[in-house]
Amino acid sequence: MTKVIAMLKRTGPEFRESSRQVESALGRLGVEFWTSPALRRVADQMSEKPPDLQGRLDLILATPDAELERDGIIWADGADWQSSTTEGAALAQAVAAKVRAQAKSGTFDAQTIAELEKHKNDPLFAAAFAKEIPPDELKRLISRMFRTDLPPAGRPDEKDLGTEKKVAGLFSTILGTASRARKLPNNYADELLKDLDDPQSAFAIGKLLGKGKFDHAFMLDVVKRVYDFDVAHPQARAREPELPLPGQDKVRHAPDVSPMSTVLSALIHHPKVAQDFFTDPQRRPLAYLMRERRWGPESDNLLGAALYEASTKFRDHGMPREQSSGYKAALITSWASHYWAEEKVQQNLPNTRIWAASIHANYISDVHRAYQAPPTTEIGVDAAYDPDKSLSGVQPYGAVFNKDELKKAMTWAFKDNDAFMTVAAAHAQYSVKVLDETASELAGEVRAEFAAWHKSHPDATKKQIDEKRQDILEKKMGGGGGAFEFQGAVNDLSETTYAITDAANIAKIEEAKKNDERYAAFKNMVTKIIDLAPGPQGKFVGLLVDEAKDHIYGKFTSNSEDKAKVAAGNAIEDAKVMFRDATAAAMMRHGLFGDGSAPAPTHPYASKQFPKGSPGDFLVNGEIMSKDEMSADQRRAYREWLYLNDDTKRVFYGANSAITRDS
């Protein structure tokens with residue numbers, strides 16, 4: 001577009017000059033004018049286009065990477081273009097004067113805030129505002145707004161700083177807009193990061209970087225500079241002293257104003273910057289950030305959130321792999337998991353359990369494969385063409401975990417019940433999806449074999465057809481081919497569930513009272529897994545994790561310790577029940593218990609005690625209903641059909657036998 005704009009600027013005047021020459025020549029010849037006015041109109045139109053195109057280009061440059069459409073198209077919203085260059089400069093000067101005056105008095109009026117809000121995404125206003133109030137002055141304004149000149153105990157309470165936070169956030173957004181439009185001065189980063197070791201300056205820098213969407217190169221440069229400064233200046237990592245409030249014993253925690261803390265929120269908002277920073281081959285910052293550097297009470301939580309965004313926001317299987325966001329995401333995941341397994345890191349990052357769990361939940365297929373594979377010391381990226389052949393479609397790059405390290409990281413993370421519930425729900429979703437797709441393939445084999453037989457027996461009676469279909473089904477379910485794969489999937493998935501329950505220390509409920517709530521949560525999942533939707537084929541499982549967690553747990557709370565203890569014996573037995581239910585549900589969805597209309601002897605409707613439509617009918621639209629919703633009659637009918645019916649065992653025996661683990 002830059003070339004087009006330059007061409008129009010050059011060609012418009014040339015057309016106008018050509019028009020005059022044509023008019024002169026035609027006049028001398030006495031020819032009536034037709035072509036020349038048209039050339040003038042074209043020239044005028046070409047001269048009018050460059051400002052509009054330049055504005056459109058600036059808007060495109062100012063649009064964050066995260067707002068790209070799936071096909072890579074950027075839709076730049078012209079509504080944000082509020083001013084021309086001259087208007088933007090004049091307006092920025094007027095607004096800046098108001099900001100200065102009101103910052104001194106400590107109050108901001110609604111009109112000034114509305115002006116900042118209105119023009120926060122306007123590149124020309126943003127560029128002018130950034131020049132009008134340079135970084136040094138902007139930092140002083142923020143320090144004055146938040147009274148950082150006072151000791152922590154004397155500063156305003158967080159709940160009383162709503163307006164100040166709003167204004168600081170608008171400053172950040174405006175600077176981000178200017179940076180994306182490539183309109184910040186060349187030395188802006190130098191000026192912004194001046195006095196990084198000063199607590200007041202560091203606090204202001206954090207506010208100015210914390211909300212806006214900045215140009216990738218600009219933000220990456222800033223983060224690297226801050227990191228290098230942080231490593232080189234240990235004294236700057238000391239936090240402000242914390243003192244009790246006057247007349248009180250309680251300590252008010254001062255904000256973490258060490259250098260790296262200033263960019264943590266920015267990394268959360270810029271996942272691609274976080275990816276490039278965390279995978280920097282020269283700095284290799286993860287070891288320092290997770291193992292060596294000490295963090296304040298809230299800062300380690302922000303670091304965990306930044307790791308989560310970098311490892312889960314962009315998942316793909318792009319090439320070349322070293323430039324792929326999915327490859328970088330998997331690499332960060334593998335190394336972060338490696339460090340989280342260390343006791344030193346666990347002590348250093350106590351508030352990151354939920355982030356560790358959430359990352360592993362998004363890589364649950366890789367967690368599953370790690371538990372199934374022989375122990376290995378290798379970590380890194382699974383760069384195979386399709387890292388997870390258990391699922392349809394090409395899955396994103398996967399992370400390679402060390403099995404022993406994985407268990408250590410999980411055991412530590414699962415001390416947080418929500419962390420355990422997150423991973424448990426993810427594995428439940430993954431299991432249901434794998435079982436569903438594997439059952440679908442097995443059902444396809446049965447249909448194909450039956451279709452071949454039916455084609456060669458066109459005159460078969462209905463009775464012969466029903467009997468042959470059932471005969472093929474029972475022989476298929478007896479072993480070999482798809483049945484062997486299905487049973488193998490059941491076995492592997494159930495084993496991973498046992499490993500997760502072991503890591504959560506709920507394999508035996510008697511171990512400790514603190515495990516009761518965790519165990520009760522697991523019991524909640526056991527009763528709801530039948531009702532968990534497998535999700536569309538080819539869809540990345542990580543995208544379904546939150547949905548699965550909400551469905552299984554909702555707003556789960558444990559009413560009492562005794563309730564969990566009375567509920568059942570131990571988690572291994574519950575896991576067996578859960579997998580029997582999940583396996584039966586997948587088989588029923590794909591007709592692997594036979595035809596319900598006949599009904600086949602292995603189908604629930606063959607029951608004389610609980611036939612279709614009876615109080616014990618536990619099927620809804622041909623699928624097994626949630627055990628949460630079953631009545632006493634339905635539970636009894638389900639139990640008798642699945643566990644006590646010899647006919648059912650003819651198709652279910654192999655899958656049921658695959659669920660093995662001594663209690």
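Here is a friendly conversation about a predicted model of a protein chain.

Trainee: How are the residues numbered, and what kind of model is this?
Mentor: Residues are numbered from 1 along each chain as its sequence is written, and side-chain values use heavy atoms, with hydrogens and water left out. Local features need pLDDT of at least 70, side-chain atom pairs count only at pLDDT 80 or more, and totals for chains, interfaces and linings use all residues, as this is a predicted model.

Trainee: How many helices and strands are there in the protein chain?
Mentor: Helices (H or I, at least four residues) and strands (E, at least two) are DSSP runs, numbered from the N terminus. Counted that way, the protein chain has 28 helices and four strands.

Trainee: What percentage of the residues of the protein chain count as buried?
Mentor: Buried means under 20% relative accessible area, exposed over 50%, and partly exposed in between (1.4 Å probe, protein chains only). Of the 663 residues, the share that counts as buried is 50%.

Trainee: Is Thr 148 buried or exposed?
Mentor: Thr 148 sits in the loop between α6 (135-146) and α7 (162-180). Contact means heavy atoms within 4.5 Å; leaving out residues up to four places away in sequence, Thr 148 touches Ser 143, Arg 155, Gln 200 and Phe 203. Because its relative accessible area is 6%, Thr 148 is buried.

Trainee: What share of the contacts with a separation of 6 or more comes from residues 24 or more positions apart?
Mentor: Here we look at contacts across the protein chain with a separation of 6 or more. Residues 24 or more positions apart account for 75%.

Trainee: How many salt bridges does a search of the whole structure find?
Mentor: Side chains of opposite charge can pair when their charged atoms come close. A salt bridge is a side-chain nitrogen of Lys or Arg within 4 Å of a carboxyl oxygen of Asp or Glu. The search of the whole structure gives 34.

Trainee: Which residue forms a salt bridge with Arg 293?
Mentor: Arg 293 lies in the loop between α13 (285-292) and α14 (299-312), and the pair links distant parts of the chain, 63 residues apart. Arg 293 counts as buried at 1% relative accessibility, and its partner in helix α10 (residues 216-232) counts as buried at 0%. With the closest N and O atoms 2.9 Å apart, the partner is Asp 230.

Trainee: How many residues apart in sequence are the parts that Glu 342 and Arg 291 tie together?
Mentor: The side chains of Glu 342 and Arg 291 meet in a salt bridge, 2.7 Å from N to O. Glu 342 lies in the loop between α15 (325-340) and α16 (343-348) and Arg 291 in helix α13, so the parts tied together are 51 residues apart.

Trainee: Is Lys 475 buried or exposed?
Mentor: Lys 475 meets Asp 471 in a salt bridge (3.4 Å, N to O). Being four residues apart in helix α21 (residues 462-477), Asp 471 and Lys 475 are separated by about one helical turn. Asp 471 counts as partly exposed at 28% relative accessibility, whereas Lys 475, at 59%, counts as exposed.
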